[in-house]
Amino acid sequence: MQSVLKVKGMLAVTLLPALLLYSFFVIIPIFWSAYYGFFEWSGVGDASFIGWANYLEVIKDPIFWRALKNNMIIVGASVFGQVPIALGLALMLRKSSLFQRFVRSAIFLPMVISTVVVGLIWGYIYHPQFGIINSLLTAVGLESWTRPWLADPSINMYAVAIPIIWNYIGPYLIIFIAALQNIPSELDDAAKIDGADGFKKLIHVTLPMMWKTIMVAVVLCISGSLKAFDQVFVMTGGGPAQSTELLATYMYNNTFMVYRYGYGSAVSTMIIIVSLILIVISQLLMKRRDQEGRGI
Amino acid sequence: MRKWFVSIGLLLLLMLAACSGDESGSSDSDDTEGEHGVSISIWHNFAGNDLRARTVRGMIDQFQKDHPEIKVEAQAIPVDGYRQRISTVAAADELPDVFLTYTGSFTDEFYEGDLIQPITPLLEKHPEWRDSFLPGALDAFEYSDGEIYSAPVAMSATSFLYYNKQLFKENNLEVPKTWDEFMQVIDVFNEKGITPIAIGNKAPWVAQSTTFGAIADRVTGTEWFIDAVAQDGASFTDPIFIEALGYFKQLVDANAYQDGANAIDNTQAEQYFAQGNAAMMINGSWTISSLAASASEETLQNIGVSVVPAIPDGKGRANTITGGPGGGFLLSSKTEGDAKEAALELIYVLSNAEAQKAIAESNSMVMYDVEIDPEKVNPLFYEAFKLVREVEYVPVYDLHLSAAAGEAINTGLQEIMLGGDVEAVAKKLQQAQARAVDE
């Protein structure tokens, strides 16, 4: 008993510095920011208390809801783009031949490029006059398909989602390959004896064994895409006419372009609330899956 | 065990104490102790590699050399992030001793927040310097207390009409002087498959600052705009302003701009124009510096410069350019004593007659009576330099509107370029400005 207490005390003491730093730089600022949301403040001069007005304005602002919708497009593109593509690639690239290692590195490469560079590169790829996409389309005679990819509000949200998918496939690929390699080879042999091959084996053996990893990847995907900012900021800046505004660019523009620090703080508090709701939902879905899994 | 807790606790306390000690030390930036007698900080946006930026940085270096007793901490911040950086340190009350400002609402906020102090004594000390500024140059920095807070080191002219001489000649066209001629020229170029006007409106201030401000002033006249900014008997929902937006919409509807103009940035548009893909471009004086840095001499000689065409039915004057005094250096209200003397001297060195001449000869406009050597500057600049002495100045929209209203009109013009409704744009602009004036 004595020793258990001692260990616990030691744990508490060793965790304390990290906990202090974390609360100081993460937890407390969240509450400060929520508090600043009650003020009208241009950054210079005095702040005036205006109660819930900022929060009400956020909820009433159609641009906030558009930003939320755009963020959901990014979340959707990431969850249904990055995860399946990474999974498919992982299944194809699980062995370690020279060619496969080369392809793996090539897919991981965008991950180590600065996101600003990614945004600039794709800005040029999508360039309405000189961009490679429009040039290729013209070259093969599909001139009617060319369009200003980033300037046309009916498609630009999807256009900006593609670089984000491309950018982040790498880490999920690595996670999935690791998970694949962790599946014991006895299971493979057993499946073979039972006559499960190819697709059947994938559905009944491989995927169930990787399910937890996939779920972790999905949660990472959701939280990552809610923070999406840099590529979109570089490619479109949230424009034109706020058509690619994300929650983060909306917050940034209001705080640092329009100098409404209080309103920006209210927006960031709303972002935290939205993120928490989404994470809780995904956790609940995961738990249900988990229990179903156990039931079988 | 208890000893453990106590010692770790003490350690943490020490760490925290050390941190906070550090903070109070660094916020006291005009720390006059040290190997130099006095130390001053200066922030500016001359971070690029263009001639003017290098000239100004050279002047700061020279100042440091001439005054070894003063330690100058200079920080060059890229133009795009400059306003944000300064606003952020202003919010944290950690402004540098000397910093570059822009005229209009940006400087107004520092004045209203008591964050700056006047440089009037400096101007009184050098009367011949004060009197050589062009008319109106110092007014931009004179506030209701009768004091002058800065001396402009730049002139911003935001709406030159640049045109490709060769393309006009090949198509037997004259540079348009009136709106009707302008629309005809646009139609002709469109028929020939040449982009009539290049614009890069990804950062959405471009259409507003370069094109719309000039058009709107020709339609509404300057007085109406000043009244509307003050919300004094004029409103952005007035029919006259809807009409001004309508003129901009005419350009959009006539396909004057290239496809996807809202997705490419200003520099890309400048290149597009310089390569001869577009016949015209309405852009500011900064375009001259960036073209001078990237285009060949031949290309520059092929570019002509004029003003936005007149709108005969409008209430405003023709032959005007949006612009006026540009940036100048401000002195933080916290700088006192020896540091203040040093800071004033630095401001003088960066904006006196010699500095103004050096800046003008690095191909950029100044608000100072100075003769320049045509051999030293590029031909396009010299043409523009002559032009600005024959025109009158009218206000730039976003320098007078509140930040939120500026954002509203910027976004609104993008909406119009995407087929949006002009009245909705006017309404949003009016709401934003009315709200800012109320506060």
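Throughout this tour, two residues are said to be in contact when heavy atoms of theirs lie within 4.5 Å. The model is a predicted one, which should be kept in mind at each stop.

Begin with chain B, colouring residues 30-154 together with 326-360 as domain 1, and residues 157-323 together with 392-438 as domain 2. The C-alpha centres of these two domains of chain B are 31 Å apart.

Next, select helix α9 (residues 205-220) and helix α11 (residues 239-253) of chain B, whose axes come within 9 Å and cross at roughly 130°. That angle makes α9(B) oblique to α11(B), and the crossing of the two is right-handed. Showing side chains here, you will find that α9(B) contributes A207(B), T211(B), F212(B), I215(B), A216(B), V219(B) and T220(B), which meet I240(B), F241(B), E243(B), A244(B), L245(B), Y247(B), F248(B) and L251(B) of α11(B).

Now move to chain A for two backbone details. Most residues other than glycine have a negative phi. Select Q242(A), where phi is positive, near 60°, in the loop between α10 (230-235) and α11 (247-257) of chain A. Q242(A) has a relative accessible area of 19% and therefore counts as buried, the cut-off being under 20%.

Finally, select Y259(A), in the loop between α11 and α12 (261-295) of chain A. Phi of Y259(A) is likewise positive, near 60°, and Y259(A) is buried, at 8% relative accessibility.

Definitions and conventions: Residues numbered from 1 in each chain as written. Chains lettered and ligands numbered in written order. Predicted model: local features only at pLDDT ≥ 70, side-chain atom pairs only at ≥ 80, totals over all residues. Heavy atoms only, no water. Domains from an automatic or database assignment. Axes fitted to C-alpha atoms, helices over the stretch in contact; angles between N-to-C directions. Helix = DSSP H or I, 4+ residues; strand = E, 2+ residues; numbered from the N terminus. Parallel < 35°, antiparallel > 145°, perpendicular 65-115°, else oblique. Left-handed = near helix turned anticlockwise from the far one by under 90°. Buried < 20%, exposed > 50% of the residue type's maximum accessible area, 1.4 Å probe, protein only.
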